[in-house]
Amino acid sequence: MSSFRRALALAAISGAALALAVPAKADRIRNPTAVFAGLDKITGRIISFEVAIDETVQFGALQITPRICWTRPPTEAPQTTSFTEVDEVTFNNEYRRIFTGWMYASSPGLHGVEHAIYDVWLTDCKGGTELVVDPKEPEAAPPPLTPEQRRPARPAQQTPPPNQRIDVAPPQGVPVQPRQTPSQRFFPTNPVPGRDPTGSN
């Protein structure tokens, strides 16, 4: 009977040691690079591209800037998230913020950017070795919305009245000023994949 108690005590000690060795649920890994996929709905091409944190790249008419990219340790359930800002560049060279928030690689349909022509979603974060147990800095949060931003866009009329024009909904997004120029440009319609048509990248 004493050998059974000894084995039970040894199992309890090894279980406690194992529990101390496994990171807590809140542990995250900060990554220097976010990996996105972009779809051009006109050509049907999908391009995968990497973006450094706080770097801006352009995919078609969208400029993507990841602010932070988190993954979990291998011992945890996988969860890859990125706080990302996406601006649309219009034909008049105006910038409109169409997305600010968290993207989740596990559910790209819920937390990706859906545009009339381009879709962008997070696929991975890479290069991280820094384990953050309790973040000292608060996570980046979107600025509070102004009353003008809270007002919903007027929906377009479904059927036009007789002899009148169709009312088109105003462009989506909030006007912004560009913070930095893109370091890379990806245009899915270019003859050389991933090259800027001006030849600068």
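**Reading the aromatic pairs and the core**

Author: A search of the whole structure finds four aromatic pairs. This is a predicted model, in which local features need pLDDT of at least 70, side-chain atom pairs count only at pLDDT 80 or more, and totals for chains, interfaces and linings use all residues. Residues are numbered from 1 along each chain as its sequence is written, and side-chain values use heavy atoms, with hydrogens and water left out.

Reader: What describes a pair of aromatic rings?

Author: The distance of the centres and the angle of the planes. Rings of Phe, Tyr and Trp (its six-membered ring) pair if their centres lie within 6.5 Å; planes under 30 degrees apart are stacked, over 60 edge-to-face, and the rest tilted. Here F49 and F59 are stacked, at 5.7 Å centre to centre with 20 degrees between the planes. The pair links distant parts of the chain, ten residues apart: F49 is in strand β3 (residues 45-52) and F59 in strand β4 (residues 57-59). Strands (E, at least two residues) are DSSP runs, numbered from the N terminus.

Reader: Are F49 and F59 buried or exposed?

Author: Buried means under 20% relative accessible area, exposed over 50%, and partly exposed in between (1.4 Å probe, protein chains only). Both F49 and F59 are buried.

Reader: Why is the pair of F83 and W102 edge-to-face?

Author: Because the planes of F83 and W102 are at 70 degrees, with the ring centres 5.4 Å apart. F83 lies in strand β6 (residues 81-89) and W102 in strand β7 (residues 95-104), so the pair ties together parts that are 19 residues apart in sequence. F83 counts as buried at 3% relative accessibility, whereas W102, at 22%, is partly exposed.

Reader: Which residues do ring pairs link into a cluster?

Author: The cluster consists of F36, F49, F59 and Y118.

Reader: Which residue lies over the face of W70?

Author: A charge sits over a ring if NZ of Lys or CZ of Arg is within 6 Å of the ring centre and within 35 degrees of the ring normal. R28 lies over the face of W70, 4.1 Å from the ring centre.

Reader: How many residues has the largest nonpolar core?

Author: A nonpolar core is a set of buried Ala, Val, Leu, Ile, Met, Phe, Trp, Tyr and Cys residues joined through side-chain atoms within 4.5 Å. The largest one has 20 residues, and F36, F49, F59, I64 and V120 have the most contacts inside it. Elements giving two or more residues to this core are β2 (33-40), β3, β4, β5 (62-71), β7 and β9 (118-126). Its largest share, four residues, comes from β9.
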